[in-house]
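Please look at the sequence and the 3D structure shown here before reading on. The report is meant to be read with both in view.

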Amino acid sequence: MSGILLKNGQVLLPNGEVELSDVYVVGSEIKKIGLDLQEKNAEIIDCQDKLITPGFIDAHGHMAMTLFRSYGDDLNLMDWLNLKIWPAEAKLTGEDVYWGTMLAVAEMIKSGTTTAADMYFFMDEVARAVDESGFRASLSRGITSTEGLKQNEELFNNFHNSADGRITVMLGPHAIYTCSLDFLKETIKMAEKLNCPIHIHVSETTIEVENCMKEHGRSPVEVLDSIGLFEVPTLAAHCVHMSDKDIQIMAEKNVKVAHNPGSNMKLASGVAPVPKMLAANMCVALATDGASSNNNLNMLHEIRLAALLHKVYNLDPLAVPAKTALSMATRSGAEALNLGKVGELKEGYKADITIFNTTDVHWCPKHDLRSLLVYAGNSSDVDTVIINGKKVLSNKKLLTIDEERVVFEANRRAFKLTEK
């Protein structure tokens, strides 16, 4: 039996502990985890002085917005959208989105991410990029109209569970401030028809919440609950301005949250009440949001921000421990995206694996590898990435993406989109 055998590595196990072990991959799955495994004809990867972890899962973003990285920085959210992003996006073509997505996937893989939830336009081109690169993704068309909903339905019919199961699909109504309640109800019916989850922005800014209170007399969470949206499996991005009642509603309806600390900090949106959500046993995953509002797609950066931000904001060094932050970026991400057997290093689970080199000076001394990864590790420490049992990065080199071509095309297209 052939496969890939990771030998003598420090393995981050589902219980959050790190132990010396081998990991044997056959096909798309982890076949065995244990000490001193011997498998004939397997490709051996020496993992001495390396940390083996589940691949990171970016639970919310807009991948092709890499094309707008550093364009329109240091603005508030609505000015950023109205004055910079939406006018530039009006010029987008499918080819632009393809190359912007390829740029995002390249950055994600090189920083240890193996899966992302993406909400954007020209999603067939996003699916093409995901398929070709060997990445795993949950895709949703960002929608505000019936025409967009039809496109999202086509996306589901054409791509859900495609690319060896690496592509799944959700419906993506943008937000309560861009979608009418009638349209949201139409989206709910479509979700029920397709048995498809919903991915939506919720309570990201104070303006969103205040305007909703003026119009409906209730918070966005209360309104969405009142129309039955949370009866459908829902991934809610941001959830920054949440009352205790909002948290109770979402906990009772098992709404999953994609927490975006970097983007929320940069846009000064606020600090999501993550400790309260965790205390309510909610599934809270981590996300980058997008390179235009972050400005990177480095999930290790988000893990560190999540661990640090809530400590200082709550004046509590135990608010989000390293173990919790890592789980938010792996196991909770898989749960948020409704992915079975993804997000943990377990026998029978998908072989989505990131291998970190721990020989650089910032890894010394090795008192606690888990803590070192969260508080000292760098994306440059990523040595090898395996997705669905196939290597996509080896010795820091991309194997499925022509990095030079991607950078050339993305640069050329980005400046064309943003020229006056």
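Predicted model: local features only at pLDDT ≥ 70, side-chain atom pairs only at ≥ 80, totals over all residues.

## Helices α4 and α5

Helix α4, which spans residues 146-159, packs against helix α5, which spans residues 181-194, at an angle of about 15°, and the axes of the two helices are 11 Å apart. Because an angle under 35 degrees counts as roughly parallel, α4 is described as roughly parallel to α5. The crossing of these two helices, α4 and α5, is right-handed.

On the α4 side, the contact is made by Thr146, Leu149, Glu153, Phe156 and Asn157, while α5 contributes Phe183, Glu186, Thr187, Met190, Lys193 and Leu194. Sorted by class, the residues in this contact of α4 with α5 are 5 nonpolar, 3 polar and 3 charged.

## Helices α2 and α15

A second pair is formed by helix α2 (residues 94-110) and helix α15 (residues 403-418), which pack at an angle of about 130° with their axes 9 Å apart. This angle makes α2 oblique to α15, and the crossing in which α2 passes α15 is left-handed.

The residues of α2 that take part are Glu95, Asp96, Trp99, Met102, Leu103 and Lys110, and they meet Glu403, Arg405, Val406, Glu409, Ala410, Arg413 and Leu417 of α15. By class, the contact of α2 with α15 has 6 nonpolar and 7 charged residues, with no polar ones.

## Leu417 in helix α15

Leu417, one of the α15 residues that meet α2, has a relative accessible area of 4%. Since buried means under 20% relative accessible area, Leu417 is classed as buried.

If its neighbours within four places in sequence are left aside, Leu417 is in contact with Leu67, Phe68, Ala88, Lys91, Leu92 and Asp96.

## Glu125 in helix α3

Is Glu125 buried or exposed? Glu125, which lies in helix α3 (residues 123-133), is buried, because its relative accessible area is 16%.

The side chain of Glu125 is joined to the side chain of Arg128 by a polar contact of 2.6 Å. When neighbours within four places in sequence are set aside, Glu125 is in contact with Gly94, Glu95 and Tyr98.

Key. Residues numbered from 1 in each chain as written. Heavy atoms only, no water. Axes fitted to C-alpha atoms, helices over the stretch in contact; angles between N-to-C directions. Helix = DSSP H or I, 4+ residues; strand = E, 2+ residues; numbered from the N terminus. Parallel < 35°, antiparallel > 145°, perpendicular 65-115°, else oblique. Left-handed = near helix turned anticlockwise from the far one by under 90°. Contact = heavy atoms within 4.5 Å. Nonpolar A, V, L, I, M, F, W, Y, C, P; charged D, E, K, R; others polar. Buried < 20%, exposed > 50% of the residue type's maximum accessible area, 1.4 Å probe, protein only. Polar contact = N/O pair within 3.5 Å; in protein donor to acceptor, adjacent residues only side chain to side chain.
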